[in-house]
Amino acid sequence: MQNIEIKDSVCTYCGVGCDIAAEVDVANNKIEKIFAHPDGVVSQGKLCIKGKYGFDFVTSKERLREPRIRKSFLEKNPEIYKAVADSLQELDETWYSCDLEAATTACAMKLKEIQNRYGRKSVASIGGARTSCESSYLFQKFTRHTLNSPHVDNCARVCHSPSLKGMRATIGEGAATNPYNDIYNTEFMIVIGSNTTEAHPIIANRILDVAREHDNLAVFDVREIKLHRFAKYKAILPHEANLLVLNMLAYTIIDEELYDEHFLADRTKGFDEFKEKILNDPYAKPEFFEQIEGYEYLAKMIRKVAREYALKKSMIFWGLGITEHIDGSYAVMAITHLALMTGNIGKSGAGLMPLRGQNNVQGTCDMGMLPYYDPDYQTPKEIGLMTPQLVDEMLEGRLKAVLNIGEDLTHIHPNLNKIDKAFKQLELLFVQELFMTDVAKRADIVVGVKSAYEKTGVYVNAMRRLHLSQPLVESDLPDDWEVLQILDNKMGGDANYASSKEVWEEVQKVAYRRFSGADYHRLEKHRKRGLQWPVHTEDTPILHQLDFRTEDGYGHFHYHGYRLRGMVEEILSKSLTGFYLTTGRTLAHYNNAAQTLQSPKLNDRYSEDVLLVSEADAKHFTTERVVLKSKWGETTPLLVKITDKMPPKTLFVTFHHAKSKINALFGDARDELILTAAFKSVKVDVLPVS
């Protein structure tokens with residue numbers, strides 16, 4: 001076709017990080033089609049519906065094309081108004097539009113005033129996993145060095161921070177150990193807390209290929225998911241029982257002496273103490289489930305799964321169904337214990353696979369966009385606060401300004417009523433976004449920026465694979481790092497990068513342990529394949545082959561027992577009442593749906609959040625819609641769908657649409673070590689809507 005060019009890049013959605021190719025009408029600067037090359041290493045030539053059809057957002061009329069400043073902000077700040085007045089244009093009753101110069105001037109003036117009045121730590125930067133590594137790197141550098149505030153965080157706080165914590169404590173590295181294609185070399189697979197076909201479909205393709213051929217899959221979830229259809233072991237769990245079950249798997253391996261003595265002796269420390277603790281834990285024996293009505297079958301099934309896992313070359317996959325609990329970090333440690341006990345790590349077809357959420361959440365953490373890590377997971381000069389602590393700081397009047405890139409803080413975080421109150425206390429909220437998301441609507445200053453399909457940058461997927469994006473279409477909007485560089489200069493910094501390549505060259509020096517050999521030239525050459533960090537002369541598909549990345553090179557055991565609570569405790573005492581809600585994704589939408597809402601092919605499939613209810617509970621749901629209510633807040637009316645895939649007393653809903661207010665139901669229950677919200681279980685009342 002005339003004027004059509006094929007351009008290769010990387011998908012802008014989930015952590016699978018598929019290689020993509022676009023047919024671009026270069027004369028009209030328009031993406032016509034997105035597909036995957038048959039030899040794409042991640043995609044295998046296939047894309048999910050978001051990858052294929054979810055590119056309409058690039059040309060949406062709703063895109064933020066020019067910066068805007070809230071009128072009421074300028075009324076409160078007459079000096080700033082005076083400084084930028086010449087570039088203000090009337091937009092509507094709430095906003096002026098302006099140029100980037102005025103938006104960054106207004107932001108810098110307010111930042112200086114706030115830090116002068118309240119101190120350097122009155123400013124925080126949150127977000128960045130929806131942008132490139134270069135922008136995330138500069139975001140934390142600008143905050144830590146120019147603003148001299150230690151407060152940086154990103155959306156890993158609400159997803160896989162417990163994976164990072166649990167894996168680093170045990171094996172020294174908080175990332176997937178193997179490439180996705182190692183699934184074809186495995187003999188047994190456990191998937192726990194991951195609805196993989198909906199959330200990570202291109203990885204699910206591989207799991208299903210292998211499960212169909214070898215019948216070697218165990219699936220654990222609180223409801224029946226599509227993966228269960230293909231599983232040899234179909235386990236439905238009561239709520240908040242992950243750690244209970246994982247410790248039972250370990251108990252069986254010890255009790256039946258299925259562990260790898262040589263691996264334990266050569267490569268681990270602390271096993272004897274771990275063994276003693278687990279054998280004396282009353283909740284670690286699988287037979288405990290014989291007392292849990294409706295779940296008695298798990299007593300035998302857990303032992304069968306443990307035997308297969310221990311005696312075969314095995315992999316474990318997990319998602320937010322593991323991490324978004326109060327014992328999320330401990331559950332991740334329990335997963336790595338299983339790999340350490342059986343030697344199922346450090347070789348092809350055996351390892352650990354945390355299924356990351358955002359397309360660059362791995363990279364954003366690698367860049368140091370966390371309060372307790374500098375780039376390359378080094379210790380920063382000063383450790384800052386995590387997002388939930390920052391919300392408390394807002395309420396207490398100590399945090400006065402938030403800079404935000406691409407994280408819809410007032411939609412995807414828990415306890416929305418509290419968040420709402422906290423954000424009203426801020427004197428400055430500065431947002432870089434593609435659309436007027438919920439948080440952008442609350443901002444004082446909003447700057448529209450390039451999307452992933454309009455810029456060059458590095459993205460790191462869930463298996464540590466670096467892909468270099470290139471612009472599929474041209475845009476005159478700034479990249480996130482360019483906005484930050486202007487801000488940096490106005491705040492007295494000396495950022496002076498001519499391109500994202502120059503930012504990345506600095507990353508290679510600063511984060512050399514992982515990226516020293518991953519220059520743009522090599523990444524361009526391997527655009528379809530990508531490179532897995534650490535990249536030096538070669539890249540590293542499999543981690544921990546010779547030793548672990550802990551200080552002493554050994555794998556470590558840290559036993560944490562399950563604490564009886566919630567649904568299990570209620571079933572045990574025969575006092576189970578009400579409903580337990582869990583949340584998750586649907587295939588058609590992504591996270592806060594900012595981009596997928598703009599694509600009719602996707603949004604028409606799923607235009608609102610739907611509540612799934614068990615057939616056994618249908619008698620309690622007599623109206624078409626209901627409101628869910630917890631002690632922290634309530635949703636808007638939700639459409640009810642009765643299904644045979646839900647166990648009694650369990651409800652499921654997605655959280656893609658901000659108007660549903662799903663996250664108002666969740667309070668401050670969170671992971672004990674790393675404060676990730678307990679989104680996967682909350683007790684709710686059901687209010688009919690006539």
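Reply: A helix here is a DSSP run of H or I with at least four residues, and helices are numbered from the N terminus. The model is predicted. With that definition, the part to look at is α20, and one place to begin is its end: just after α20, Gly492 has a positive phi of about 95°.

The buried set consists of Asp480, Trp481, Val483, Leu484, Gln485, Leu487, Asp488 and Lys490. Their packing partners include three helices, α4 (100–118), α5 (133–146) and α21 (500–510). On the strand side, the buried residues of α20 pack against β15 (401–405), β16 (428–433) and β17 (445–448).

The axes of α16 (residues 387–395) and α18 (residues 416–424) come within 8 Å and cross at roughly 55°. That angle makes α16 oblique to α18, and the crossing is left-handed. From α16, the residues in contact are Val391, Asp392, Met394 and Leu395; from α18 they are Lys418, Ile419, Lys421, Ala422 and Phe423. By class, this contact has 6 nonpolar residues, 3 charged and no polar ones.

Next comes a loop residue. Asn344 sits between α14 (328–342) and β14 (351–354), and its relative accessibility of 2% is why Asn344 counts as buried. Leaving aside neighbours within four places in sequence, Asn344 is in contact with Tyr309, Lys312, Lys313, Ser314, Ala339, Ala350 and Gly351.

Val10 belongs to β1 (residues 4–10) and counts as buried because its relative accessibility is 3%. Not counting residues up to four places away in sequence, Val10 touches Gly17, Cys18, Ile20, Tyr453, Tyr459, His467 and Ser469. Between Val10 and Glu624 there are 41 Å in space, C-alpha to C-alpha, for a separation of 614 residues in sequence.

Definitions and conventions: Residues are numbered from 1 along each chain as its sequence is written. This is a predicted model: local features need pLDDT of at least 70, side-chain atom pairs count only at pLDDT 80 or more; totals for chains, interfaces and linings use all residues. Side-chain values use heavy atoms; hydrogens and water are left out. Buried means under 20% relative accessible area, exposed over 50%, partly exposed in between (1.4 Å probe, protein chains only). Helices (H or I, at least four residues) and strands (E, at least two) are DSSP runs, numbered from the N terminus. Contact means heavy atoms within 4.5 Å. Axes are lines fitted to C-alpha atoms, for helices over the stretch in contact, and angles run from 0 to 180 degrees between N-to-C directions. Angles under 35 degrees count as roughly parallel, over 145 as roughly antiparallel, 65 to 115 as roughly perpendicular and the rest as oblique. A crossing is left-handed if the near helix is turned anticlockwise from the far one by less than a right angle, and right-handed if clockwise. Ala, Val, Leu, Ile, Met, Phe, Trp, Tyr, Cys and Pro count as nonpolar, Asp, Glu, Lys and Arg as charged, and the others, Gly among them, as polar.
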